Every structure is written in C-alpha cells, then in structure tokens.
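Please open the model in a viewer and keep the selection panel at hand. The stops below proceed from one chain to a single residue, and then to the contact between chains.

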Amino acid sequence: MSIDSATIERHGLKPEEYDRIVKFLGRQPNLTELGIYSVMWSEHCSYKSSRVHLKTLPTEGPQVLQGPGENAGAVDIGSGLAAVFKIESHNHPSFIEPYQGAATGVGGIIRDIFTMGARPIALMNSLRFGSLSAPGTSRLMEGVVAGIAGYGNSIGIPTIGGEIGFEPSYAGNPLVNVFCLGIARQADIIKGVASGVGNAVYYVGAKTGRDGIHGATMASAEFDEKSSEKRPAVQVGDPFMEKLLLEACLEVMQTDALVGIQDMGAAGLTCSTTEMGSRGGAGVEIDVSLVPQRETGMTPYEIMLSESQERMLLVVKRGREAEVEKIFDKWDLHAVHIGDVTSDGMLRVRNRGQVVAEIPNRSLTDEAPVYHRPMEPPAYLADVQRLDLDAVAADSTMPEATDALMALLSTPNISSKKWAYRQYDHMVQTNTVNLPGFGAGVVRIKGTDRALAMSVDGNGRYCYLDPKHGAMLAVAEAARNVACAGALPIAATNCLNFGNPERPAIMWQFAQAVEGIGEACRVLNVPITGGNVSLYNETDGKAIYPTPIIGVVGVLERADAVVGRQFKRSGDVIMLLGEGRGELGGSQYLQTLHDLVRGLPPRLDLEAEKALQRLLVDLAAERLIHSAHDCSDGGLAVTVAECCFDTGGAGAEISIGGLNIGRDSRLNDAVALFGESASRVVISTTSDTVTEILQRAAAVGVLARVIGETGGNRLRIAVAGRVVIDASVDDAERIWSTSIEHVFARRVA
Amino acid sequence: MKFAVIVFPGSNCDHDAFHAATHVLGQSAELIWHKDTDLKGADFVILPGGFAHGDYLRTGAMARFSPIMREVKAFAERGGPVLGICNGFQILLEAGLLPGAMLRNRGLKYRCEHVYVRVEQTDTPVTCGAHVGQVLRIPIGHGEGNYYAPPDVLERIEANRQVVLRYTTADGQLDDDANPNGSVHAIAGLCSERRNVVGMMPHPERAAEPALGCVDGLVILESIVKAFATA
C-alpha cells in the first residue's frame with residue numbers, strides 16, 4: 001500500500017519530513033513504519049524545535065553523574081549515593097481529563113526515576129490554572145489535585161511540596177508539571193540501554209491496550225469508526241500495578257542480570273525499543289504478537305504506538321532470564337521475552353515472525369529532524385514593559401496598606417495551599433523534615449546525617465514581561481528557596497511550557513528563556529541534568545504565559561540544621577538580607593490591586609544572588625538563624641506575614657525605610673512593602689547573634705540590616721517611621737489560610 | 001524482641017514500620033511477604049499502612065485472603081500482640097479480628113495532617129506506657145478512616161472498654177471539628193476483647209524521631225517493648 005499525502009498530514013509529518021523518511025529507508029514506508037516515524041519525530045519525542053536551544057544549557061559539573069539524555073539526571077550527594085530526579089509535564093492530558101491526566105503524569109515521572117535504579121523518595125508539583133474565580137477552574141483543580149493524590153498516596157511516595165499559580169492565561173491550558181526525586185547507590189545506577197547481541201528483550205507490566213495512541217496518528221486507514229470509539233484519549237493510571245513494578249524492578253536491579261531498562265512513556269514500545277537500541281549502538285528486534293494485549297485484534301501499528309501505562313522494557317543478560325522471571329513472578333507480574341538485541345542497528349518489528357517494520361534506529365533518534373525556527377520579539381512586549389507609576393496612582397483609588405496586605409494574603413497565588421497538600425500523603429517513608437507550605441521540601445536521607453532540599457518555581461507573569469529575565473528569576477528563586485532551608489543548591493531540572501513554536505514570537509520567548517536559564521544556572525552552579533519541553537500550550541491562537549518551571553535540588557549536610565520559614569520565638573531580631581530596589585513591575589500587587597500586568601520584572605544580579613545563597617547555607621550550618629524566608633510574591637510585607645503564620649499567632653514589629661519613586665506617598669509605600677525585588681531573604685535570630693551576622697554578610701558583600709523584632713500578636717510595619725500596616729496576626733492568618741478552602745466550600749454548597 | 005512486619009502487595013509503610021522497630025526501638029524485625037505461611041518466631045506482628053492489593057474492591061478486603069493472614073489469626077488467637085496501622089487497621093476489620101468497618105472520610109477527601117488523640121485505655125500492648133487521658137499528637141494519612149459500627153456493636157465495644165484512642169482537641173476535649181474523618185464516637189483506635197489485637201488510624205511511626213518534628217508516637221512504640229518485657 002502506498003502512502004498518500006493526506007495520511008502523511010494526518011500523521012503530523014511535513015512533506016519534506018516524509019521525503020527524509022524515504023531517503024533513510026531507501027523505499028516508501030509502510031503504515032506501521034510511518035506511525036513509528038511520526039511519533040519519534042513528533043515534537044514531544046524529538047525536541048526538533050527546542051533541541052538547538054537546549055544544547056546551550058550548562059549540563060556538566062563535578063557533581064553531575066548523569067546529564068540530559070537518560071530517563072533522568074543524577075548527581076553526587078556524598079556517601080556513594082546519588083540523587084536521581086527530573087520534572088515533566090502532563091499539561092494536555094490533564095485538561096482533557098484532570099484526574100487521570102494528573103495521575104498518569106505522576107506515574108510517568110516515578111517510572112523515569114526508578115528506571116534509573118533509584119528508590120523514589122519525594123514528589124513535588126507545579127500547577128497553573130486560570131483564575132480561580134472563573135467557571136470551571138475549581139473543578140479542574142479539584143480533579144488534578146485528586147489525581148496527584150490518588151497516584152502518589154497509593155504508591156507511597158510523599159508529595160512534599162510544590163506551587164500552584166493562577167492566571168487567566170492558563171484558563172484553556174492548565175499546567176501540570178510533576179517532579180520526582182529518588183536515591184540510588186551510585187554504583188547501582190542503570191541506564192536505558194540495549195547492548196550485547198543476543199541478550200533478551202523483556203516486556204513487563206500492564207497489558208497493552210488501544211489507549212493513548214497519539215491524536216495526530218490516530219486517524220488512519222486501518223481504523224474504522226467503531227475502533228475509535230473504544231479508544232480513550234487519555235490513559236488510565238493504575239498506581240497499584242506501578243507499585244508492584246517499582247518493587248519488582250528494584251529487586252531485579254539488585255541481581256546485576258540487567259543490561260538496561262526503560263519505561264514505556266510517550267510513544268510506548270516504539271520509543272523504548274528505539275531509544276535503548278540507539279543509546280547502545282545496537283539493534284532491537286521484537287515480535288509484537290508476543291506483547292501481552294488487553295484487547296483483541298490489535299494491529300502492529302496499534303501495539304507499537306499504544307501509550308498504555310505502567311509498562312517497562314528490560315534487556316536481560318543471556319542466561320539470566322530465569323532469575324529475572326522468578327522475581328517478577330513473586331510480585332505476580334508476568335515478564336515476557338518479546339525479542340532480542342541484534343548487531344545491525346535496526347529496529348525490526350515482527351508480527352508472528354513476519355517483518356512488519358524495519359527502520360535504522362538512529363534515523364528515529366539522533367538523526368531526527370532538527371529545526372532552527374524563525375524568531376522575533378512579540379509585538380505586545382514594548383507596550384507591556386512600560387509602567388508609569390504616577391499614572392497608576394492617578395488612575396486608581398490607592399488602597400490603605402493594611403487593606404492591600406489583606407487583599408494579597410487572600411489572593412490564591414499567595415494564600416495557603418493547605419487545601420491541596422492536605423490531600424497528599426506528605427509523610428510516608430518517614431523522611432519529611434519540612435512539611436509542605438513551610439519552605440522548600442526537605443527529606444532526610446536515612447543512613448546518613450544529610451537531607452535533600454528541593455523547590456520548584458516559576459513566574460509566568462515575569463516571563464511574559466521579559467522571558468529571559470523571568471527565567472533567570474525562576475532559577476534564582478528555586479535555588480534561593482533551597483538555600484533558605486540551609487541546603488547548598490547543586491543541580492537543576494527544567495520543564496519548559498510554551499505556546500506554538502511555529503510562531504516566531506513564541507520561539508523567541510523560548511530561546512530567550514533558555515538563554516536566561518543557562519546564564520543563571522552557570523553562575524549559581526546548578527547544571528541542568530534533564531527535563532522536559534511542553535509546546536503548543538495554546539487555545540484559539542492564544543498562548544499561555546511563557547512558563548519555564550525550574551526544580552533545584554540541594555544538599556543539607558546535617559538534616560537537623562534545617563531552617564523553616566516561621567519565626568521561632570518572641571524577642572528574636574528580624575533581619576533583611578539583600579536590598580529593595582524600588583521595583584513594582586510584574587508584581588502580584590499590581591495585578592491584584594490595580595489589575596495590571598505591566599513593567600519589567602525585578603532586576604537580578606546573579607553574583608549577588610550567589611553570595612546571598614552561600615551566606616544562607618553557612619548561617620544555617622552554624623545554626624546562627626532561627627528562620628529564613630525568601631521575599632517573592634507580594635514582597636517584604638507578605639513575606640513577614642508568612643513568617644508569622646503557623647506559629648500560633650506570633651507577631652512582629654517591623655520598620656523599613658521609605659522610597660521616593662513617584663508622587664503618591666501611598667504608592668511609594670506600596671513599592672517598599674509589596675515590591676518584589678529579587679535576592680532578598682527575611683531571617684530571624686537571637687539579639688546576640690546580630691553583630692556576627694552583620695559581619696559575615698558584609699564580608700561576602702551581602703547587604704544586611706535589622707528591620708524589627710518578633711513579639712506580641714500583631715503585625716506592625718512602619719515605613720519611614722509611620723506605621724502603615726497594623727493587623728492582628730490571627731485575622732491575617734485566617735484570611736490567608738482559608739481563602740482557597742472557601743472557594744471549594746462554596747462550590748460544594 | 002522480634003517484630004514481624006507483614007508486606008502485602010501495595011503496602012507502603014512497611015519499611016517505615018521496620019525502621020521504627022529496628023532503628024528507633026533497637027529491636028529485631030523481619031519483613032514477611034504475604035504469601036509466606038510462617039511468622040518466623042516473631043513476638044509482635046505489625047500490619048503496616050498502605051494500599052494492600054491497591055485497596056481495590058474495598059480497603060483491606062483482599063488482604064484478608066493472603067496466606068499469611070491465617071498465621072496472623074492463629075497468632076492472635078493464641079494471645080499474640082498484633083497492631084494494625086491505618087491500612088493494617090482496615091485489614092484487621094475485614095479479617096474479623098476487630099469489629100466494625102471503615103467508611104470514606106466525611107468530606108470524601110484523603111487527609112494527611114497531625115491530629116490529637118486521647119488515650120482511653122492503658123491495658124493494651126500499645127498503650128501500656130501511657131496514662132489514661134494522655135493526649136498524643138500523631139499524623140494521620142487516609143481516605144477511609146471513618147470508623148463505623150452499628151449501635152449494638154458500638155454499645156458492646158464501649159462496655160468492653162475496647163476504644164483505645166479517640167480524636168480530641170489538643171487539650172483532650174471531644175469536639176466534632178477535631179474529628180478528622182467522622183468516625184463514630186471519635187474512634188481512632190480499637191482493641192479486641194482480649195486486648196491483644198489493636199488497630200489505629202494514626203501513624204505512630206511517623207512521629208517517633210525528633211527529625212520528624214514530633215515524637216508522641218514513641219509513647220505507642222515504646223509501650224510495645226514495655227509490654228513484651230513485662231509479659
């Protein structure tokens with residue numbers, strides 16, 4: 001059968017891409033082969049638009065054991081151990097079916113981690129939704145949160161933190177980015193590689209069904225209307241199956257009978273066979289009739305393209321098969337020998353012996369198309385970057401500072417996310433040192449004195465206003481959060497969520513963001529060890545805010561030296577590290593109080609940021625500080641308020657200097673209180689430690705000053721000697737802690 | 001003393017219980033696979049938390065058919081001490097070793113947080129180190145911990161002093177807001193008539209080390225060792 005142009009188009013392939021296929025094969029592909037090329041050359045698997053940019057990211061360092069290109073990255077955390085981690089998106093499926101989309105996202109990232117030989121010990125997530133008050137958002141959020149909880153809780157990996165943001169731009173394209181981290185002995189790290197001619201290729205896990213066959217490749221001559229009715233668009237997760245797979249695989253890995261292992265995620269059996277073969281410089285030959293199937297009458301095309309969940313592909317050393325099968329039997333899993341490693345570098349697919357596809361492996365992976373897509377700055381940029389503060393003050397009724405603080409504390413971007421994380425088991429495995437909502441996620445490493453801190457951050461608003469700068473700020477904030485816990489940031493992973501890369505403005509945003517990430521990661525010494533790109537996040541031609549999400553991991557030498565965000569006791573001195581620079585652009589204040597997304601995001605001096613982080617790590621290690629909390633959304637006033645929360649109502653008296661930015665004094669106060677200048681951290685300490693901290697800060701060039709004292713049960717903030725905020729901590733905390741809960745309570749009622 | 005921690009497919013607090021027995025209490029412990037038929041000389045059996053058999057069908061419903069459960073039952077019938085934590089509690093109910101059943105939480109959501117429980121009885125192997133009325137702060141993590149028993153059963157349970165722990169406020173007062181899941185009579189923990197089998201929804205192993213920010217669970221865990229020493 002020859003392939004017509006309509007079929008090629010339905011497979012999402014351009015005519016020139018089809019010509020390339022014909023050149024590689026030296027003949028026309030059959031439909032199965034076309035399907036295989038279409039998924040492997042899809043944006044999702046090939047990174048064809050993003051690859052040239054991603055190559056510029058720093059990925060190396062003495063701490064890096066495994067950089068991008070494997071199932072996950074790995075870094076040295078001492079004692080012969082490695083932290084294996086990655087972040088991945090499951091945006092599109094989560095919009096179609098929130099519960100299962102989010103659940104299978106969690107399942108997928110967990111497989112990536114244990115596939116490397118690591119036991120997963122922590123999950124985090126970064127979620128974005130449309131405005132919480134908009135119709136449909138709460139339903140979507142409820143489903144996503146329940147899906148994350150349903151999968152993570154059942155499999156027994158704690159969800160120790162993350163972030164949730166709301167902006168109208170995500171209304172039609174929510175973001176569900178999921179991060180997982182595991183611990184492996186460095187010597188036990190195993191790769192997704194197929195090598196050693198004659199070694200056995202095994203399939204284990206759930207049976208293959210017609211679910212998840214990619215939309216672009218779904219409609220083909222082999223499908224009739226009835227079969228498409230049976231085909232759910234989103235896969236269904238089974239955390240119990242994955243728990244068995246996790247335990248069984250980790251047990252098998254103890255035997256050294258494995259050559260390599262890979263999970264079947266996107267593009268299923270196709271991607272796992274070709275990538276493993278390609279990495280090992282080998283060929284893989286399988287017979288699809290041996291693949292366990294959930295449905296009858298599945299074609300080789302469907303079997304190769306299915307994205308059924310909870311499946312793994314293993315390459316087992318010849319002669320060790322029985323040993324491996326026995327372990328899977330113990331867990332009531334059936335490992336099936338479906339093929340072998342060959343020497344010819346081909347992916348050869350048979351069906352009952354007959355060859356149905358025969359493709360050079362490398363043409364599917366390393367030699368897939370790569371595009372330098374055209375780029376140009378978006379037209380909106382020049383306008384939105386302009387911010388006239390005097391005009392803002394003239395155009396609106398300027399709120400009292402206390403009212404503005406309350407409004408910010410109740411805005412869903414800032415208010416407590418307890419409604420969500422209370423649904424996540426965040427304590428299973430008994431390692432959670434910092435509970436969710438109390439700063440970076442921190443888990444101890446049993447058998448050592450150490451702990452790992454991790455944080456996922458990103459600010460789409462900043463990136464919309466300046467993608468490069470916004471991306472740098474995301475790296476800085478994630479690393480700063482880790483440093484606030486007392487951990488030295490050592491590596492990063494990124495999830496890049498953008499619109500349609502075929503539009504030059506989007507491609508420009510992407511390239512700028514990658515440039516910013518690279519620059520920040522280089523200076524802060526957090527190489528990128530892997531990640532994920534999610535493009536085409538747009539509806540009706542309207543893209544999401546460009547949203548790079550950065551996950552940073554750090555090492556805390558002593559778990560018991562961990563620092564949290566809350567003030568610890570009355571009479572402590574409150575200090576500010578870093579400096580407010582009179583910046584209000586892109587702030588939550590402007591959005592919440594003035595309905596404006598405008599201006600330039602805060603400036604960032606990476607060297608100053610690095611010095612600040614180093615100082616925080618040292619202060620924590622020497623146990624000189626009682627708390628540390630990063631100034632971000634809502635600025636200094638919100639930060640200090642959050643330091644008071646979850647302490648039983650402890651208050652604070654703060655006094656800061658005034659600013660002279662514009663003509664309106666309330667606006668000047670607002671800039672001082674709610675401006676989001678970067679590289680600032682609020683710490684608390686005993687009065688007799690202040691001098692030492694001031695000296696230590698001065699020695700490394702970090703500006704530090706005393707701004708107040710803890711005590712009482714009110715939060716009072718004076719600007720230039722005038723008390724402008726005076727609120728009961730209990731009242732403020734009630735607003736902050738119940739705002740999201742109320743939205744859902746109203747929905748139920 | 002030696003602990004047996006039963007591992008069902010889907011158990012996920014098995015390693016935590018093992019860690020608590022060995023690392024925290026300094027005792028010996030063995031993980032025992034559900035298909036085994038031998039408790040290997042254990043003095044105390046823990047059915048850990050998790051989602052045994054995926055909790056498909058009903059929480060704990062399949063686990064009671066696991067081969068090891070025959071041994072656990074025989075062990076309990078001989079008076080051997082057994083503690084079911086969370087999913088382990090649910091399994092004990094399904095296996096008929098404790099009366100009653102679990103419903104989905106009031107509010108229908110999984111809840112993971114620290115709660116307060118008041119010790120009601122101290123003549124059990126997991127509370128003998130506590131005093132009556134002592135309030136413990138211990139985390140829960142469950143979607144189906146809403147304990148239910150019909151009125152006549154409830155009456156019998158209370159008459160026999162089988163309620164070991166109740167959800168209360170921090171100062172030990174019964175209060176509907178302090179009941180995280182809607183359990184009848186605020187029941188958080190329950191023992192058998194012979195008092196040797198105990199089920200509890202809170203996780204003492206999650207509150208047993210200073211690093212975890214809370215050590216009230218030690219009261220439960222150390223009671224186990226004390227009970228063994230004085231038996």
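Two strands are said to pair if DSSP finds at least two bridges between them. Helices (H or I, at least four residues) and strands (E, at least two) are DSSP runs, numbered from the N terminus. Residues are numbered from 1 along each chain as its sequence is written, and chains are lettered from A and ligands numbered from 1 in the order in which they are written. This is a predicted model, in which local features need pLDDT of at least 70 and side-chain atom pairs count only at pLDDT 80 or more, while totals for chains, interfaces and linings use all residues.

**Stop 1: a strand pair.** Select residues 2–7 and 44–47 of chain B, which are strands E1 and E3; these pair in the parallel sense over three bridges. Within this pair, Phe3(B) has Phe44(B) in E3(B) as its bridge partner.

**Stop 2: Pro204(B).** Move to the loop between strand E11 (197–200) and helix H5 (217–230) of chain B, where Pro204(B) is placed. Is Pro204(B) buried or exposed? Pro204(B) counts as buried because it has 28 C-beta neighbours inside 10 Å (buried: 20 or more other C-beta atoms within 10 Å of its own; exposed: 12 or fewer; partly exposed in between; C-beta atoms placed from the backbone). Beyond its neighbours within four places in sequence, Pro204(B) is in contact with Ile138(B), Gly217(B), Ile220(B) and Leu221(B) (contact: C-beta atoms, placed from the backbone, within 7 Å).

**Stop 3: chain B entire.** Of its 231 residues, 56% count as buried. The C-alpha trace of chain B spans about 45 × 35 × 35 Å along its principal axes.

**Stop 4: the contact with chain A.** Finally, show both chains: the contact takes 25 residues from chain A and 21 residues from chain B. On the chain A side, the elements giving two or more residues are helix H8 (137–155), helix H11 (239–253) and strand E14 (432–434). H8(A) gives the most to this side, with four residues. The model scores ipTM 0.96 and pTM 0.95.

Technical notes:
Two residues are in contact if their C-beta atoms, placed from the backbone, lie within 7 Å.
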